[in-house]
Amino acid sequence: MRAAMASQLPRVARVRDMPWNPSAAPGGGSEHADRLELSPRPDNAFCFQAVVRWVECDEFGHLSQSQYALLTEEARAVAAAAGAFGNGEVAIITSSSPTRFDMDFVGQAKAGDRLQIYTWWDGDSICSEIEKLSENCVKGELLTKSRVWFADQSQTSRM
């Protein structure tokens with residue numbers, strides 16, 4: 001992995017040295033002006049665990065943004081298969097294809113980080129939070145929060 005990361009150092013330096021328009025620079029725009037609101041995570045939220053692999057990381061060593069969405073979807077699918085959403089209408093809805101996916105990125109993970117992905121039904125959508133566990137396994141650092149809507153909810157949700 002070190003050799004692969006070292007081979008990317010010239011590219012990383014070129015990106016860092018690029019002249020950035022203040023509104024286009026990472027974190028320089030208004031992309032975080034509207035934070036995604038979630039219902040409070042219930043104590044019985046389904047928890048899926050994963051470890052970040054280096055193949056899921058970008059040239060800067062951070063977990064690629066697309067991987068956060070894949071982890072969230074994996075947690076939702078495992079939760080649905082485990083019956084975490086019950087066995088009634090909600091279970092059928094949450095096993096279908098999503099029609100909308102909103103995610104707010106608030107932190108970063110690197111290869112080797114242990115993650116916990118929490119997922120729960122809030123009555124309108126599936127809510128999820130990804131946390132990076134600390135070394136002593138106490139409350140983790142929030143990395144993302146997201147909401148997923150499904151076909152049956154698309155007419156009634158804020159679309």
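Reply: Two residues are in contact when they have heavy atoms within 4.5 Å of each other. Among contacts in the chain between residues at least 6 apart in sequence, 68% join residues at least 24 apart.

The model is a predicted one, in which local features need pLDDT of at least 70 and side-chain atom pairs count only at pLDDT 80 or more, while totals for chains, interfaces and linings use all residues. Residues are numbered from 1 along each chain as its sequence is written, and side-chain values use heavy atoms, leaving out hydrogens and water.

The chain has four helices and five strands. Here helices (H or I, at least four residues) and strands (E, at least two) are DSSP runs, numbered from the N terminus. Read from the N terminus on, the order of elements is α-α-β-α-α-β-β-β-β.

The five strands make up an open sheet in the order 1-3-4-5-2, with antiparallel pairing. Two strands count as paired if DSSP finds at least two bridges between them. In general, strands of a sheet pair through backbone hydrogen bonds, either parallel or antiparallel. Strand 1 (46–51) and strand 2 (98–105) are at the edges with a single partner strand each, so one side of each has no neighbour in the sheet. From one strand to the next, the twist averages 20°. Angles run from 0 to 180 degrees between N-to-C directions, and axes are lines fitted to C-alpha atoms, for helices over the stretch in contact.

Eight of the 10 residues of strand 5 are buried, so the strand is largely enclosed by the rest of the structure. Buried means under 20% relative accessible area, exposed means over 50%, and partly exposed lies in between (1.4 Å probe, protein chains only). In the chain as a whole, 36% of the 159 residues are buried.

Back in strand 3, Gln 116 has 11% relative accessibility and therefore counts as buried. The side chain of Gln 116 makes a polar contact of 2.6 Å with that of Tyr 118. A polar contact is a pair of N or O atoms within 3.5 Å; within protein, one must be able to donate a hydrogen and the other to accept it, and residues adjacent in sequence count only if both atoms are side-chain atoms. Leaving aside neighbours within four places in sequence, Gln 116 is in contact with residues including Cys 47, Glu 129 and Leu 133.

The next topic is nonpolar packing. A nonpolar core is a set of buried Ala, Val, Leu, Ile, Met, Phe, Trp, Tyr and Cys residues joined through side-chain atoms within 4.5 Å. The largest has 22 residues, and Leu 63, Tyr 68, Leu 71, Ala 109, Leu 115, Ile 117 and Ile 130 have the most contacts inside it. Strand 1, helix 3, strand 3, strand 4 and strand 5 each give two or more residues to this core. Helix 3 supplies the largest share, five residues. A second, separate core has six residues, among them Leu 36, Leu 38, Tyr 118 and Cys 127.

Val 52 and Gly 112, though 60 residues apart in sequence, are 5.2 Å apart in space, C-alpha to C-alpha.
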